[in-house]
Amino acid sequence: MNIEQSLKTAIKEALLALYQVEEEVVLQPTKKDFEGNYTYVVFPLVKSLRKNPAELGNAIGQHIKDNNDFISSFNVVQGFLNIVLNDSVWIDTLNAILANENFGVLPSNGQSVMVEFSSPNTNKPLHLGHLRNNFLGAAVSNILSAGGFDVAKTCLVNDRGVHICKSMLAYQKFGNGATPESLGIKGDHLAGKFYVEFDKAYKAEISQLMAEGKTEEEAKKTAPLMLETQEMLQKWEQGDAETMALWRKMNDWVFEGFAETYKKIGVSFDKVYYESNTYLLGKDLVEEGLKNGVFFKKENGSVWIDLKEEGLDEKLVLRADGTSVYITQDLGTTDLKFNDYHNDKSIWVVGNEQDYHFQVLFAIMKKLGRAYADGCYHLSYGMVDLPSGKMKSREGTVVDADELVAEMIETAAETTRERGKIDDFSKEEAENLFQMLALGALKYFLLKVEPKKRMLFNPAESIDFQGNTGPFIQYTHARICSILRKAESQNVPVNKQVKAVELLKPESELVYLLNEYPTAVKKAGDEYSPAVIANYVYDLAKTFNQFYAEVSIMNETDNDKQQFRLSLIKAVAETISKATGLLGIQVPTRM
């Protein structure tokens with residue numbers, strides 16, 4: 001039975017029978033200080049029915065108790081009707097959960113969705129900001145898949161343009177034929193190193209030109225390195241053999257480095273698109289839009305769109321010299337992706353500094369008459385700050401993803417060794433545990449915050465085994481597994497179905513929370529928010545630990561009660577594993 005829906009129906013019937021009122025019923029969990037499982041707030045009815053809250057609550061409570069055998073009792077506190085359900089409801093609910101191997105996986109809704117995320121540049125390695133992007137994209141993909149969608153995970157690599165040429169030019173000038181092997185670094189780190197080298201040399205040239213009397217703006221435009229970069233970009237667009245060879249060599253190094261990082265952090269894609277293959281596609285759409293009157297030309301030959309009605313002003317889509325701008329490329333790539341997958345929905349996981357860009361993109365697609373435009377969504381997320389402030393790639397002040405993961409693994413190792421509970425682990429088992437804890441800490445910390453919020457990342461806080469952290473949840477799972485192993489060693493079976501027993505409040509609270517898991521999956525998918533799952537699984541772990549502190553399991557002498565509790569905690573462990581799995585977090589069975 002759907003508990004919440006049955007209770008809503010009972011209250012609706014009571015309102016109709018008692019007061020001839022048809023009202024949408026909203027329930028909330030009863031606060032822990034009061035007896036009850038669900039609470040119905042009667043205050044909104046007080047004014048229209050001209051009755052005091054206590055009278056209303058008692059009348060509705062008595063009606064639903066008299067007419068529904070699944071309701072045990074009720075109590076009224078001011079305008080709050082707290083409803084206690086029969087133990088049989090929770091027994092039946094747990095048995096249904098235990099019998100359903102796909103508990104929390106919603107049936108197919110027949111819809112497909114594409115989630116585009118990561119979108120790295122090939123002039124630098126992945127950094128902390130990329131990690132939030134990758135973890136968000138991967139988690140949203142998992143959540144939507146569990147929510148009944150057919151999901152395609154894609155990545156658009158920014159592998160061309162002026163920034164990439166900066167790394168290439170600096171390597172050409174200062175690299176002396178270095179390779180990732182000769183420098184002892186990953187290929188993406190090599191490209192990033194020369195991107196920083198370019199910025200240093202470029203700033204030195206600007207300072208020199210300003211000392212010679214040029215304005216800062218003039219110096220930036222006429223600095224020899226900038227002119228050479230623009231010349232290199234033109235050569236690339238013309239297919240110059242030497243330029244293309246350097247571009248391919250450096251990109252291959254970078255892709256190898258990216259692949260290593262993606263494998264380490266547990267992120268993968270169904271298809272990767274490359275800007276070098278898509279940057280010209282949008283020009284065809286500009287031609288189409290000119291013919292249809294969607295775009296217009298100015299006197300200098302540049303092409304624009306008027307989006308004033310959408311509150312977005314006029315927007316350039318093609319320069320006077322015929323070259324495309326960033327939005328042009330995105331128009332073409334969006335069409336390409338739809339033609340490849342024909343998705344009902346498309347989600348872009350991109351930082352909130354691009355909010356305006358996506359408003360423009362979606363508005364143009366609607367004006368071009370693309371049927372899929374209504375299904376386009378920008379999952380805008382806030383930046384990740386450090387205690388030391390904002391990160392800047394070109395100045396080399398970013399928190400490198402590889403270094404951060406390595407530091408987190410080392411911290412996880414130190415913290416775990418201090419606890420002294422892994423003395424019997426093999427070296428491989430210990431290393432796997434440290435990586436599991438490190439990535440669990442990192443992913444959970446970055447995902448427990450609502451995506452739209454800007455956040456401060458604190459590595460030390462994230463790895464704590466107490467509080468709202470990944471390791472706390474992982475430790476809870478390991479603790480349950482330890483109890484189940486103890487039961488097995490004592491030949492106490494864990495049954496797939498439980499008998500009717502009298503329940504304690506901590507037991508019914510745990511079943512209630514387990515039963516909320518599919519609702520959390522649905523809500524997280526509707527809101528594109530992994531934070532919903534993160535907060536749910538933290539509540540589940542916390543509630544289990546409260547239950548464990550109050551209720552005996554292995555020392556319980558009543559066999560049926562012990563069986564109920566073992567089956568209950570097994571369901572809790574399985575649900576923790578499923579929920580953290582949606583976040584891309586693995587949970588250990590020992591730690």
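Predicted model: local features only at pLDDT ≥ 70, side-chain atom pairs only at ≥ 80, totals over all residues.

Reader: How far apart are the end C-alpha atoms of H23?

Author: They are 35 Å apart. Helix H23 covers residues 559-582, and at 1.5 Å a residue its 24 residues should span 34 Å, so the two values agree.

Reader: How does one describe two packed helices?

Author: One gives the angle between their axes and the distance between the axes. For helix H19 (residues 470-489) and H23, the axes come within 10 Å and cross at roughly 145°. H19 passes H23 in a left-handed crossing.

Reader: Which residues meet there?

Author: Among them are Ile473, Ile480 and Leu484 in H19, and Leu566, Ile569 and Ile576 in H23. By class, this contact of H19 with H23 has 10 nonpolar, 4 polar and 1 charged residues.

Reader: What about H1 and H3: is that crossing left-handed or right-handed?

Author: H1 passes H3 in a right-handed crossing. The axes of H1 (residues 3-19) and H3 (residues 53-67) come within 9 Å and cross at roughly 115°. The residues in contact include Leu7, Ile11 and Glu13 in H1, with Leu56, Ile60 and His63 in H3. That contact divides into 12 nonpolar, 1 polar and 1 charged residues.

Reader: Changing topic, how many aromatic pairs does the structure hold?

Author: The structure holds 23. One of them joins Tyr38 and Tyr512 edge-to-face, at 5.2 Å centre to centre and with 70° between the planes.

Reader: Where do Tyr38 and Tyr512 lie?

Author: Tyr38 lies in strand S2 (residues 38-41) and Tyr512 in helix H20 (residues 505-515), so the pair ties together parts 474 residues apart in sequence.

Definitions and conventions:
Residues numbered from 1 in each chain as written. Heavy atoms only, no water. Axes fitted to C-alpha atoms, helices over the stretch in contact; angles between N-to-C directions. Helix = DSSP H or I, 4+ residues; strand = E, 2+ residues; numbered from the N terminus. Left-handed = near helix turned anticlockwise from the far one by under 90°. Contact = heavy atoms within 4.5 Å. Nonpolar A, V, L, I, M, F, W, Y, C, P; charged D, E, K, R; others polar. Expected span 1.5 Å × (residues − 1). Phe/Tyr/Trp six-rings, centres within 6.5 Å; stacked < 30°, edge-to-face > 60°.
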